[in-house]
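Please look through the sequence and the structure shown here. The paragraphs after them go from one place in the chain to the next.

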Amino acid sequence: MMRSTARRGALISALWLLAGTAQAAIVNAEAHRAQDGALALSWTETSGAAVDVFMGQDPKASQDQMTLVSANDQDGRHSMAALPSGARAYFMLRAPDGTRYRLAERLIPLEGAMNFRDVGGYETQDGRFVRWGKIYRSAALSGLTPDDFAKIQNLDIRYVYDLRSIDERRDEPTRWPQTGAVMASYDYEMDISAFMAAFADGPSADKVRAAMTSFYPAVVDSHKVQFRAVFAELLEGDEGAILYHCSAGKDRTGVQTALILSALGVPRETVIEDFLLSNQHHRISGDAGPMAGMPADVLEVLGGVERPYLEAFFAEIDRRYGGVEGYLAAELEVDAADIQRLRALYTEELSGS
């Protein structure tokens, strides 16, 4: 979780305590996988009360359908042994006042694909939460292993949209388990002229950073067909989950995710923090291939994302369309009624449920 998120959570906790109210909230809830494969949960209950922890393997499971794994947990932490290969756990935290909070591991740890993440769990501006297990994002899927297939099959993914260009798909074809998922893409040529210019007289971190910053506003037009297709599929609302990806799972995929979370009512700062999580879950090697011998600072920029990139994208749609909803309506065929449908399909109210 980003440092700014922790600061905001701490501020929320302080405000609850200063108010002296009897109400409580569960904040700063996280699920991490340790090196030995164990899952570690942590959270803060703002009134200091104990929390009950329930576990299940269905993201839609009610409390009655889940197993109590820790009762009256007062230290805000719970660990459990590694799950069997292919299994994924979903948790529900219940405070004494009935407040509930769904929690899952955001990163799906795969051997052959980076940055494969669940988009769920974020709180919206109206107090709802994005559903877990419904929307996934990833980098390229060309290196998936049999163990990866076992994990993916349990995610019930029904639709996979490849945001990559013709050349990218040809060079690194997707490997996918035989699960019956619909595989979709759009044929286009990637414009890499800005990046070629950045390398013309020798690469530098500043030139690559400038190229990345200019790339994001251009995506408003260059990738609207792909974005529109993903939203159209989301609006179908079928059972199962949807996955979209590009090569690194951080730039085009990052913008697609930012649009989806914004449409669902997630605050912009939270959207940006999710975007920045790619810095934790994507890596780039300078040992071989076209990146061989690249300076370390250039590799760092190429392998990560920075706040100004996504801010440049938002600034462009704010300027031209008056905000995300204006862009969705004008270019992606997603109107106000569609936004309400998306929120009904992909967000939920948890308190007292």
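**A walk through the model**

Asn115 is located in the loop that runs between β7 (100-104) and β8. The model is a predicted one. Although Asn115 is not a glycine, its phi is positive, at about 60 degrees. Its relative accessibility is 2%, so Asn115 counts as buried. In space, Asn115 and Asn279 are 9.2 Å apart from C-alpha to C-alpha, while 164 residues separate them in sequence.

Asn279 belongs to helix α9 (residues 278-281). With 39% relative accessibility, Asn279 counts as partly exposed, because the partly exposed class lies between under 20% for buried and over 50% for exposed. Leaving aside residues up to four places away in sequence, Asn279 touches Gly304 and Val305.

A second residue with a positive phi that is not a glycine is Glu333, where the angle is near 60 degrees. Glu333 is placed in the loop between α12 and α13 (336-346). Is Glu333 buried or exposed? Its relative accessible area is 60%, so Glu333 is exposed.

The chain as a whole gives the setting for these places. The protein chain holds 13 helices and 14 strands. Of its 353 residues, 52% are buried. Among contacts with a separation of 6 or more, 68% are between residues 24 or more positions apart.

Which residues does Ala241 touch, not counting residues up to four places away in sequence? They are Gly133, Lys134, Tyr136, Leu155, Asp156, Ile157, Arg158 and Tyr159. For Tyr136, the distance to Ala241 between C-alpha atoms is 7.5 Å, and the two are 105 residues apart along the chain.

Tyr122 is another such case. Its place is the loop between β8 (117-118) and β9 (129-130). Tyr122 counts as buried because its relative accessibility is 10%. Not counting residues up to four places away in sequence, Tyr122 touches Arg106, Arg128, Phe129, Val130, Leu261, Val266, Thr270, Asp274 and Leu277. Arg106 lies over the face of the Tyr122 ring, 4.1 Å from the ring centre. A charge over a ring is also found at Phe314, where the charged end of Arg268 sits 3.9 Å from the ring centre.

The next subject is how helices meet. Helix α5 (residues 205-222) and α6 have axes that come within 6 Å and cross at roughly 65 degrees. This angle makes α5 roughly perpendicular to α6. On the α5 side the contact is made by Val219, Val220, Asp221 and Ser222, and on the α6 side by Lys224, Gln226 and Phe227. Sorted by class, the contact of α5 with α6 has three nonpolar, two polar and two charged residues.

Helix α6 (residues 224-236) also packs with helix α12 (residues 324-331), at an angle of about 95 degrees and with the axes 10 Å apart. What is the orientation of α6 and α12 to each other? They are roughly perpendicular, because angles of 65 to 115 degrees fall in that class. From α6, Lys224, Phe227, Arg228 and Phe231 meet Tyr327, Leu328 and Glu331 of α12. By class, the contact of α6 with α12 has four nonpolar, no polar and three charged residues.

In one of them, Phe313 and Tyr327 are edge-to-face, 6.4 Å centre to centre and with 90 degrees between the planes. Phe313 lies in helix α11 (residues 307-321) and Tyr327 in helix α12, so this pair ties together parts that are 14 residues apart in sequence. Phe313 counts as buried because its relative accessibility is 0%. Tyr327, with 0% relative accessibility, therefore counts as buried too. Elsewhere, ring pairs link Phe215, Tyr216, Phe275 and Tyr309 into a cluster.

Key: Residues are numbered from 1 along each chain as its sequence is written. This is a predicted model: local features need pLDDT of at least 70, side-chain atom pairs count only at pLDDT 80 or more; totals for chains, interfaces and linings use all residues. Side-chain values use heavy atoms; hydrogens and water are left out. Axes are lines fitted to C-alpha atoms, for helices over the stretch in contact, and angles run from 0 to 180 degrees between N-to-C directions. Helices (H or I, at least four residues) and strands (E, at least two) are DSSP runs, numbered from the N terminus. Angles under 35 degrees count as roughly parallel, over 145 as roughly antiparallel, 65 to 115 as roughly perpendicular and the rest as oblique. Contact means heavy atoms within 4.5 Å. Ala, Val, Leu, Ile, Met, Phe, Trp, Tyr, Cys and Pro count as nonpolar, Asp, Glu, Lys and Arg as charged, and the others, Gly among them, as polar. Rings of Phe, Tyr and Trp (its six-membered ring) pair if their centres lie within 6.5 Å; planes under 30 degrees apart count as stacked, over 60 as edge-to-face and the rest as tilted. Buried means under 20% relative accessible area, exposed over 50%, partly exposed in between (1.4 Å probe, protein chains only). A charge sits over a ring if NZ of Lys or CZ of Arg is within 6 Å of the ring centre and within 35 degrees of the ring normal.
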